[in-house]
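These entries record what I looked up in one structure.

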Amino acid sequence: MTRIRAAVLGSPIEHSLSPVLHRAAYRELGLDDWSYDRFEVDEAGLPGFVAGLGPEWAGLSLTMPLKRAIIPLLDGVSDTAASVEAVNTVVLTRDGRRLGDNTDIPGIVAALHERGVEKVPSAAILGAGATASSALAALSRICTGEVTAYVRSSARADEMRQWGERLGVAVRTADWSEAAAALQAPLVIATTPAGATDELAAAVPAGPGTLFDVLYDPWPTALAAAWSQRGGTLLGGLDLLVHQAVLQVEQMTGRSPAPLEVMRRAGLAALSGAH
């Protein structure tokens, strides 16, 4: 039996939950001849890895620092991925083409829709890294007004305003020292590294709106815990990871719908076992 292969690439990669989610989907879908692995690959090693892929390969998931580095190696990129110059999904077609997409953006939107957040009049983003641009692209689909980005440098502020212009989103920037004001927004998306928002936990208002904190380990963050205690709607990194992985599974396997709840339970079990 010929194995059909897929994998996640990145550096560091050892903590990725993608294998857990994709393998759970394959089992549920009866794809016994499919395998999904993880490979430690940096930007320097990416061209050689891609060049060595044989016809048994169906798809790749890309994490940092490869989401931009992969683009020159592809035969085509979706409009969604092109909008933020970031690819996290590659489908390898039977005729040998490598097609790139970004499932983070629709994944954010799908996760919010699942919690009943379909339109918001304004929003705030904490941080300005690669995930922040995907968050901004997602907000272009659901936010009818201004997005305020709280950043630590003028260079990052310039970047976020440029992304806003490109994506058709009205972006205002503010210094990180004012980040507590973000928590008053109806939707807050936190895209910062672990520990960066801990100082904001004490500033969570009574009756907060929705917080989407893209971290899943450690979880909950101090901000997420405080948000939940105050009665706000809370989404975490696992919500994003599962929803974007559902879209990856559907694209790579051609099977739809992917088993969302099965994948979510597998992710929760893996995180519980890690602590």
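Entry 1, terms. I take a polar contact to be a pair of N or O atoms within 3.5 Å; within protein, one must be able to donate a hydrogen and the other to accept it. I note at the outset that this is a predicted model.

I located Asn102 in the loop between strand S6 (98-101) and H4. Is Asn102 buried or exposed? I recorded Asn102 as buried, because its relative accessibility is 1%, and the cut-off for that class is under 20%.

I next looked up the polar partners of this side chain. The side chain of Asn102 reaches the backbone nitrogen of Ile105 at 3.2 Å. A polar atom of the Asn102 side chain also lies 3.0 Å from the backbone oxygen of Ala86. I then listed the contacts of Asn102, leaving aside neighbours within four places in sequence: Ser78, Thr80, Ala81, Val84, Ala86, Asn88 and Ser134.

I traced an open sheet of six strands, in the order S9-S8-S7-S10-S11-S12, with parallel pairing. Strand S9 (171-175) and strand S12 (233-235) are the edge strands, each pairing on one side only. From one strand to the next, I found that the twist averages 20°.

Which strand is joined to strand S7 (residues 123-126) by three bridges? I found strand S10 (residues 187-190), which runs parallel to S7. Within this pairing, Ile189 in S10 is the bridge partner of Ile125. I also noted that helix H6 (residues 154-167) packs on the sheet and touches S7, strand S8 (147-151) and S9. The direction of H6 makes about 165° with that of S9.

I looked up Met160 in particular. Leaving aside neighbours within four places in sequence, Met160 is in contact with Ile125, Gly127, Ala128, Ala132, Leu136, Ala149, Val151, Val171 and Thr173.

How values were computed: Residues are numbered from 1 along each chain as its sequence is written. This is a predicted model: local features need pLDDT of at least 70, side-chain atom pairs count only at pLDDT 80 or more; totals for chains, interfaces and linings use all residues. Side-chain values use heavy atoms; hydrogens and water are left out. Two strands pair if DSSP finds at least two bridges between them. Helices (H or I, at least four residues) and strands (E, at least two) are DSSP runs, numbered from the N terminus. Axes are lines fitted to C-alpha atoms, for helices over the stretch in contact, and angles run from 0 to 180 degrees between N-to-C directions. Contact means heavy atoms within 4.5 Å. Buried means under 20% relative accessible area, exposed over 50%, partly exposed in between (1.4 Å probe, protein chains only).
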